[in-house]
Amino acid sequence: MASIDLTQVLDKAWAEKDLAEVMAAPASALKGVSDRQGALLEEAFGIKTVSDLAGLKYVHWAAALATLHGTAK
């Protein structure tokens, strides 16, 4: 089972929420994503939630390419 320290990846207001709430949260719930950046993600890609961002095919493609290149973090 995978685990992650939510305080490291979410803004403080979201770190104590359950995973279902986090996945339904706006992309700006992620640490480092501003409300403006969240709005730009919605405008450019239709991303409204963390779940939408996680499912974005371009994110998957980029992660796969980084893995193949050996630069995945």
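Why are Tyr 58 and Trp 61 separated by about one helical turn? They are three residues apart in helix H5.

## Model and conventions

This is a predicted model, in which local features need pLDDT of at least 70, side-chain atom pairs count only at pLDDT 80 or more, and totals for chains, interfaces and linings use all residues. Residues are numbered from 1 along each chain as its sequence is written, and side-chain values use heavy atoms, with hydrogens and water left out.

## Overall fold

The protein chain holds five helices and zero strands. Helices (H or I, at least four residues) and strands (E, at least two) are DSSP runs, numbered from the N terminus. Along the sequence the pattern reads α-α-α-α-α.

The C-alpha trace spans about 35 × 35 × 20 Å along its principal axes. The protein chain has 73 residues, of which 21% count as buried. Buried means under 20% relative accessible area, exposed means over 50%, and partly exposed lies in between (1.4 Å probe, protein chains only).

## Helix H5

Helix H5 covers residues 57-69 and includes Tyr 58. It has 13 residues. From first C-alpha to last it reaches 18 Å, close to the 18 Å expected at 1.5 Å a residue. The expected span is 1.5 Å times one less than the number of residues. Just after H5, Gly 70 takes a positive phi of about 85°.

## Aromatic cluster

Rings of Phe, Tyr and Trp (its six-membered ring) pair if their centres lie within 6.5 Å; planes under 30 degrees apart count as stacked, over 60 as edge-to-face and the rest as tilted. By this rule there are two aromatic pairs. The ring centres of Phe 45 and Tyr 58 are 5.8 Å apart with planes at 50°, so this pair is tilted. Phe 45 lies in helix H3 (residues 35-45) and Tyr 58 in helix H5, so the pair ties together parts that are 13 residues apart in sequence. Tyr 58 also pairs with Trp 61, edge-to-face, at 5.3 Å centre to centre and 90° between the planes.

Tyr 58 is partly exposed at 40%. Trp 61 is partly exposed at 49%.

## Nonpolar patch

Phe 45, Tyr 58 and Trp 61 also make a nonpolar surface patch of about 350 Å². Patches are made of residues with over 30% relative accessible area and no salt bridge; like charges are joined within 9 Å, nonpolar side chains (Val, Leu, Ile, Met, Phe, Trp, Tyr) within 5 Å. A salt bridge is a side-chain nitrogen of Lys or Arg within 4 Å of a carboxyl oxygen of Asp or Glu. Areas come from the Shrake-Rupley method with a 1.4 Å probe; for residues, only the protein chains shown count as cover.

## Other sites

Lys 17 lies over the face of Trp 14, at 5.8 Å from the ring centre. The rule requires NZ of Lys or CZ of Arg within 6 Å of the ring centre and within 35 degrees of the ring normal. Asp 18 sits in the loop between helix H1 (6-9) and H2. Asp 18 is partly exposed at 42% relative accessibility. Its C-alpha is 10.0 Å from that of Leu 6, 12 residues apart along the chain.

Ser 28 sits in the loop between helix H2 (19-24) and H3. Ser 28 is buried, with a relative accessible area of 12%. Ser 28 and Ser 51 are 23 residues apart in sequence and 12 Å apart in space, C-alpha to C-alpha.
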